[in-house]
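Please consult the sequence and the coordinates while reading.

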Amino acid sequence: MTFLQLHGVEKQFGEVRTIKGIDLSIARGQFTVFVGPSGCGKSTLLRLIAGLETLSAGSIALDGRDITRLPSAQRDLAMVFQSYALYPHMTVAENMSFSLRLAKADPAVIKKKVDRAAEILNLGPYLQRLPREMSGGQRQRVAIGRAIVREPKIFLFDEPLSNLDAALRGQTRVEIAKLHRELGATTIYVTHDQVEAMTLADQVVVLRDGAIEQVGSPLTLYDSPANRFVAQFIGTPQMNVVERAELPPASVAVEGAAFVGIRPEDLRLTAAGQGQIAAQVELVEALGAETLVYLHTPRGAQIVLRQNARSTLVAGDTVGIDVELGHLHWFDQGGRLIAAAH
Amino acid sequence: MDFTSPGGQRIALAIRTAAAWLVALLLFFPILFMVVTSFKTELQAIAVPSIWIFTPTLDNYAHVQERSDYLLYAENSFITSVVSTIVGLLIAAPAAYSMAFFPGKRTKGILMWMLSTKMMPAVGALVPVYVLAQSAHLLDTRFVLIVVFMLSNLPLMVWMLYSHFKDIPPEILEAARMDGATLAAEFRHVILPLAMGGIASTGLLCLVLAWNEAFWSLNLTAANAGTLAALIASYSSPEGLFWSKLSAASVLAVAPIVVFGWFSQKQLVQGLTFGAVK
């Protein structure tokens, strides 16, 4: 059942149309991730839902109620900011209890809720500390705690991990996923990192230039991207998209196809002179569990190949590439998917 | 000379220290001279070269209190400066808030325009203000001084509060809004505690400016609502200049604000740097 419904949502800053008519529905308990390159409007869309920006057109309904013109304070949403945005003059406990104190909740209830959030987030020993006395990761947990204590209708996360270092980012990502499973709360999460999108989301919304490119589960987006943009945005290393002429004519069966997309794992290295494509090795990245081989073809196409076996290849070696013809994505001149072989 | 060797560094430090003392003495000397003169007799006061060793007398202070009601003037100064500062802050804070957190296309222009009013000499507005005050029967009232002090300090207050509010990350206010804070709650629980230093220093500075204001109090008030500035001026009268009595009156006029400034100098300096150094 639809919990949050966006209908024709538009946002214009002066002359610039930042959000161009978004229709989206989010079900109760679902974890939705807005993902896209910087400047795609994903944060603006989140702020429109939060009520921190006003809509230029369209409407937003939450739980059957129109909240389009409602101020943030009355929307019953909680937000975790990229900069944490903790109140610097309040202790951790005060930060987490601020909303409940504003709502004049019973002090005993407040204490119970704060203690429970602190327990979930391992913040127990820090409740009396000020934010400046804590590390970035701890501050981020306080910001999440502040949202948990609220028990809001929806949790909004605005790039919550981008200020953390790589190790902490991975760890916190797992914690957020666990938290979502435990609390079952409806969540909207904004990130530019497609790995976060893939690992956290029930539903991924890929945005570009203020418009939705595709909505779907992570694996749907991976296996059946609607266009070249989504195909290349989801997955690391990104999908190889080459001109159809790179493949031998026999394998090209699709009418109107201009480009063909091949995931790096759907390519196999073979001896020179074999396979559908001849290529020269440019670079080999040995990551341990997997090896990435960067190649270029005589026609100039750049191709990356992923294999689980280690490689003895060096730059300059000539190889053949065997293409898994069952896993091709065909795009027209404009980048729209016209056919996919599975 | 080599100022980088240890010996040279000591010399450089000595020169800097001496220069600092020299400037400080230069600035402080008129005040010192005034205080010293206030304890002299009139004859000692006009002696050239000035006398530095004499038997101090309190006669001048007695005279000042006898001739004019010091306490009335002090009360006028106190009420006009305090009330104008408080009212000014109440008006400036919302203005600074909206400009700091909801800037529009013309915010910068409005700020510059407000500041530009401080560039006009006060005397340029004397006639209209005087006529207005006269036709409203407000001449020689504290009310008119409060209004004029408040209006003339308002641009400065808005500017200072604006720059202090600007230091608060807007996300913190957004977080408060998400937490259910109304505008009033946001102001009380977030902005006020975070900008307290800035608000205090703004208030202190405007208090001092209003206390020291002479032009408007001389022109708009007389015996009833005159401030200490008017009291001092009354000693340069047709009877001629009475240096020691004038000094005694001046000491009495500046003493409260100097003591006050001494205890709040840290806040004042913070305010004068306009929140730039943090």
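Which residue of β9(A) is the bridge partner of A:V33? The partner is A:V204. The structure is a predicted model, in which local features need pLDDT of at least 70 and side-chain atom pairs count only at pLDDT 80 or more, while totals for chains, interfaces and linings use all residues. Residues are numbered from 1 along each chain as its sequence is written, and chains are lettered from A and ligands numbered from 1 in the order in which they are written.

**Confidence**

The model scores ipTM 0.84 and pTM 0.80. For chain B the average pLDDT, the predictor's confidence in each residue from 0 to 100, is 87, and 94% of the residues score at least 70. Where pLDDT is low, the predicted coordinates should not be read in detail.

Helices (H or I, at least four residues) and strands (E, at least two) are DSSP runs, numbered from the N terminus. A residue counts as buried if 20 or more other C-beta atoms lie within 10 Å of its own, as exposed if 12 or fewer do, and as partly exposed in between, with C-beta atoms placed from the backbone. Strand β3(A), residues 31–35, is largely enclosed by the rest of the structure, because five of its five residues are buried. Both of its faces are covered, with A:F31, A:V33 and A:V35 buried on one side and A:T32 and A:F34 buried on the other.

Two strands pair if DSSP finds at least two bridges between them. β3(A) runs parallel to β8(A), residues 186–191, and five bridges join them; within this pair, A:F34 has A:V190 as its bridge partner. β3(A) also runs parallel to β9(A), residues 203–208, through four bridges, and here A:T32 stands opposite A:Q203. β9(A) is itself mostly covered, with five of its six residues buried. Its pairing with β10(A), residues 211–216, is antiparallel and extends over five bridges, and A:V205 has A:V215 as its bridge partner in β10(A). The hairpin of β9(A) and β10(A) has two residues between the strands, and A:D209 takes a positive phi near 50 degrees in this hairpin.

**Helix α4 of chain A**

Helix α4(A) has 15 residues and reaches 22 Å from its first C-alpha to its last, close to the 21 Å expected at 1.5 Å a residue. The expected span is 1.5 Å times one less than the number of residues. Twelve of the 15 residues of α4(A) are buried, and the helix is mostly covered. Among the buried residues are A:R139, A:V142, A:I144, A:I148 and A:R150. The buried residues of α4(A) pack against β6, α2, α3 (107–120), β7 and α5 (166–183) of chain A. A:E151 follows the helix.

**Backbone exceptions**

Most residues other than glycine have a negative phi, and most peptide bonds are trans. The table lists residues that depart from this pattern.

| Site | Backbone value | Location |
|---|---|---|
| A:Y84 | positive phi of about 70 degrees | loop between β6 and α2 of chain A |
| A:E151 | positive phi of about 50 degrees | loop between α4 (136–150) and β7 (154–158) of chain A |
| A:T236 to A:P237 | cis, omega near -10 degrees | A:P237 in the loop between α8 (228–233) and β11 (240–243) of chain A |
| B:V48 and B:P49 | cis, omega about -10 degrees | B:P49 in the loop between α2 (42–46) and α3 (59–67) of chain B |

A:Y84 counts as buried, with 24 C-beta neighbours inside 10 Å, whereas A:E151 is partly exposed, with 14 other C-beta atoms within 10 Å.

**Domains and the chain interface**

The domain assignment, which is automatic or from a database, gives chain A domain 1 (2–232) and domain 2 (239–340). Two residues are in contact if their C-beta atoms, placed from the backbone, lie within 7 Å. By this criterion, eight residues of domain 1 of chain A are in contact with ten residues of domain 2 of chain A. The side of domain 1 that touches domain 2 has four nonpolar, three polar and one charged residues. In these classes, Ala, Val, Leu, Ile, Met, Phe, Trp, Tyr, Cys and Pro count as nonpolar, Asp, Glu, Lys and Arg as charged, and the others, Gly among them, as polar.

Between the chains, 17 residues of chain A are in contact with 15 residues of chain B. On the side of chain A that touches chain B, β6 (77–80) and α2 (92–102) of chain A each supply at least two residues. That side divides into 13 nonpolar, four polar and no charged residues.
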